[in-house]
Each structure stands twice: as C-alpha cells, then as structure tokens.
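This report covers one protein chain, from its overall make-up down to single contacts. Please keep the sequence and the model at hand while reading.

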Amino acid sequence: MKLSKFPLFKTGVKKNTNLNLKSQVTASKNDCSLFSRLYIATSANRPNDLGEFFSHENQEYPPSISVMGKLRTSDSKSDLTKYLSNLSEECTADSVPIVQAKILDGAVIEHMLKPGTSVTFGDYISNIFLNYVRKESATVNRLDLVFDRYLENSLKNGTRQKRGEGSRIRVTLSTKVPKGWENFLRHADNKTALFELLAESISNSNIPGKTFFATLEDSVVSSPFGADSSSMAPCNHEEADTRLFVHLADAVAHGCEKVTIRTCDTGVLVIAVSCIQQLPQLQELWVHFGMGKHSKFLAAHEIAIVLGPEKSESLLGFHAFTGCDTVSYFKGIGKLTAVNAWLKYPGATDGFKALQDGTVVQAMGNLEVFVVSTYTRTASCETVNECRRVLFTKSDRQLKSIPPTRNALEQHAKRASIQSQVWRQSLERKQNFPDSADFGWKICEEGWEPVWRTIPVASEACEALIKCSCRKGCVPARCKCLKNGLKCCELCKCTCRLCTP
Ligand SMILES: [Zn+2]
Ligand SMILES: [Zn+2]
C-alpha cells in the first residue's frame, strides 16, 4: 500500500530529541581540520576551485537543515498562524460564528476534556464527553469527530513504529480512568482504544434533529444510524489533519455553506486557506484554533481573499518547504522571515506550486532564489552555492548559518514536495501519492531517514584535497596524485615531494 510508505507519522520519523553534543564537537573539529588541509593544499599550488568547494557540504549532514542527521525542528510555526490570522478579522470566544456544521479534531477534544472526577471511562464519556458534544451541537445541524489512525504495519520493510511512551492499559467503559491523563494519551494504543469508545458513544447518542459522524479506523459511524457516509469511507488518510477535510467536502456536498473546523495545528489552517477555492459553495470556513481562553475563530475564507488565489493555493508548498513535521526548518530562518522573502519575490509562488505538483526539478530555480533571499538581503546571488561562498567569505558566517548546497537543497525540496502533495489531496477520500523513496527519504533499520545529499562531502570531492599514501615512492599506476595530474603536497604520505605528473 502506497500510503504506508510515507513517513508521515510523527513517531515514525526520527526526530532530533537528544542532541548529541559529542558528535557536534566532532563535526566542528572536522570543519577546522578541513580548512587547515585546504590551506596546506593551496600553499603547494594545488588547483584551488572555491566554487567547487562550496558546492559540497563540509559535513556528512548539512548543518543548515540537519542536527546530526535528524530533521532540524523549530517552534516558529505559530508565527505563521499569527501572520495569517492578522490578515483577517477574527472572532473571540464571545462572538462565535454561526455555522451549520462543526468538524472536530479528536485529539484536541481528548486533550481538552480532562476526566476530572470521573471514576470510569463510562463516567468520563457520559458526564464529560457527551455533555461537550451536546453543548457543541446545540447551534448546528451536524457535528463530525475525526481521529488520527495509528496503523500497525505503517512502516514496513522490517521497521517498527514505536507505539509511544507511557503504559498501555485496557480501555473499556468499566475501566477506571488512570491518574495522569496526558501520560495515558501518550500511548498510541490507549488513544486508539479511547477513540473507539468515543466514536461508538457518539453514534449511540441519538439527539433529535442532529447528525453525528465519527471516524472509526478507515470507516465512519453515524447517528442516526446509517446516515449517508459513502463519500467519507472507506478513507485511507492516516492523520486527522487532512481527514478533517474529507468531512468538510461531504458537509459542503450536503448543503452546508458555513462550517467550523476545530484544531490546534497550523497545518490545518494552511490546508483550510488553500482548499477554499475548490469548494465554491462554501461561503465561510472558520478555523477554531487553540484551546482554552486563548482559542480564536480564524476566518480562512477571508485570509484566502487577502492572500489572493495564487498565494492561497501555493501556501501548502510554502509551509512544507520552510519547515514542518516531516521537513526541516532552515537554521535561523523562521516563518516570518520566510513570509517576508516570499512577499518580495513573487517568483517563489511558481516554485511552491511546482512542489505541490511533484515537479521538483522545475521548482529548483525559483526556490534557490527564494532561499538566497531568506539568508541575505544584500548579496545578489542567483544560486545557493554562490551564496554559500559569499556569506562565508564576506560575512563571516558560521557554516550552519549559510544555506545548504544545491544538492542538499534538492533533497529537502523533495521532502517538501511529497508532504505538500499529501496535503493537497486533503479533500479526496483516497489519497494517492508517490513512493517516499523517490522523494528524499530512505528506509533504514529504525524507520525512514532523510537523504541528506547524493554527492560526496568536500573533503572527498575537492581536487585540492587529494592526497596519496605511497610510502615507497610515487608511481603513476598507484599514486592518487599522479593519477589526477597533481603534484604531491604536504598532506601526502610520500616523502618525495618532487613527483610531478
Ligand atoms: Zn604518491
Ligand atoms: Zn601525493
């Protein structure tokens, strides 16, 4: 199954949880010795092609987008939410928009509704969960509850997805609610079991005049029983983030013109803004964002108008490329810096669109210019490799604070492409996308791992750094230097120093 090949799972993708200080020190030592060797080589009149040098990464993992082999993470996602929400008028909790349907992300509901004094899960459901559902549905005709799925064999080929931390407990109506709700929710199996109980209870709720839908694995249960769910199930989405929109499409097809989606995820807001053009009958799409007192209603339909059709549509490519759960952030480049660079360089829109279409090669030219403009406002480079050279030599930047090489950037763009392709199919009941192995990922023992580069690092690739290990005199058949038409230098093991090609 294609779907299972995508490392979408937050738990499936190896994250930068433990920064390995030791390996960071090793990496910077390697950098130092690389530059020392380069100095020695050039003092021996070796050819010295700095352009070539800066087109290769110095380290095994590009420090601009990776932390020792893991995706580089950031918390600047909320800056994008803020930026988008400032584009429109927002409602606060006092002025709730009037809609016909509400679609809720199940995970938000579970985290928000704490068990309080409930003794058993049965108590929790009847006293807390169903009360909430009754309250939420008082002003609407339809309410949908959408859950994440945790597929058992989602990462095949010998990889095992961690089922999460925390301890696994049996979850039935008569089970006592454990102490430590967040800890209980940390285990995927616990969540799945609770999802099932909630879905069943909502399908048995039978409130006159109201229609309820809840996802249960790949299917949908409803109240009243047997309500038409043919356009929502079976569904192959793994994450609620995208599956919410399958339910949105169905609600719109059944005549809802104003809908609210409840979430805590910037990704959902981004998808909402980008998909509106595909749902012309939908007049208002509200994203009820966040929990508690600070939750807000954001008008996705207004944001889409202010951004305009082109930018709204390519917002998915933008969000993926500038960093999300499955794509690295660029070191020091937050979402706001990225938005400002986009506003100044409209050509980036075509790049983001090409990513969403899966045509990465066509996207690269525009994306390079965009990346350069996020790193520098003064240097006028067209390519990232040139920009690396200029920023390193003229601006005294650290290696991790210059852009990745063109080669590493292309792998990054591929990961952004597959993620935005998945988001783009949010309205489809069955998502269909290419193999991640063709889009910047490779499978290894512990799961999916990013492909960081497809060409050698500088120390292996640069002619200036070639050295031989001939101890008994250099002969053309064996000597690496002679083979490459180079004079030996101090870096060589040989003692002749006189060998000439
Ligand atoms: Zn030699
Ligand atoms: Zn040599």
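The model is predicted, with local features needing pLDDT of at least 70 and side-chain atom pairs counting only at pLDDT 80 or more, while totals for chains, interfaces and linings use all residues. Residues are numbered from 1 along each chain as its sequence is written, and chains are lettered from A and ligands numbered from 1 in the order in which they are written.

The chain's secondary structure comprises 18 helices and 12 strands. Helices here are DSSP runs of H or I with at least four residues, strands are runs of E with at least two, and both are numbered from the N terminus. Further values for the chain are tabulated here.

| Property of the chain | Value |
|---|---|
| Span of the C-alpha trace along its principal axes | about 95 × 50 × 35 Å |
| Buried share of the 501 residues | 43% |
| Share joining residues at least 24 apart, among contacts between residues at least 6 apart in sequence | 68% |

A residue is buried if 20 or more other C-beta atoms lie within 10 Å of its own, exposed if 12 or fewer, and partly exposed in between, with C-beta atoms placed from the backbone. Two residues are in contact if their C-beta atoms, placed in that way, lie within 7 Å.

Helix 14 (residues 360–375) and helix 16 (residues 406–424) have axes that come within 10 Å and cross at roughly 115°. Helix 14 is therefore roughly perpendicular to helix 16, a term for angles of 65 to 115 degrees. Axes are lines fitted to C-alpha atoms over the stretch in contact, and angles run from 0 to 180 degrees between N-to-C directions. On the helix 14 side, Val360, Ala363, Met364, Leu367, Glu368 and Val371 take part, meeting Arg406, Leu409, Glu410, Ala413, Lys414 and Ser417 of helix 16. By class, this contact has 7 nonpolar, 1 polar and 4 charged residues; Ala, Val, Leu, Ile, Met, Phe, Trp, Tyr, Cys and Pro count as nonpolar, Asp, Glu, Lys and Arg as charged, and the others as polar.

Strand 8 (residues 258–263) and strand 9 run parallel, joined by 6 bridges; pairing requires at least two DSSP bridges. Ile261 stands opposite Val287 in strand 9. Of the 6 residues in strand 9 (residues 284–289), 5 are buried.

Arg388 lies in helix 15 (residues 384–394). Arg388 counts as buried because it has 28 C-beta neighbours inside 10 Å. Beyond its neighbours within four places in sequence, Arg388 is in contact with Phe54, Ile402, Pro403 and Thr405. Pro404 is 16 residues from Arg388 in sequence and 7.7 Å from it in space, C-alpha to C-alpha.

Note on methods:
Angles under 35 degrees count as roughly parallel, over 145 as roughly antiparallel, 65 to 115 as roughly perpendicular and the rest as oblique.
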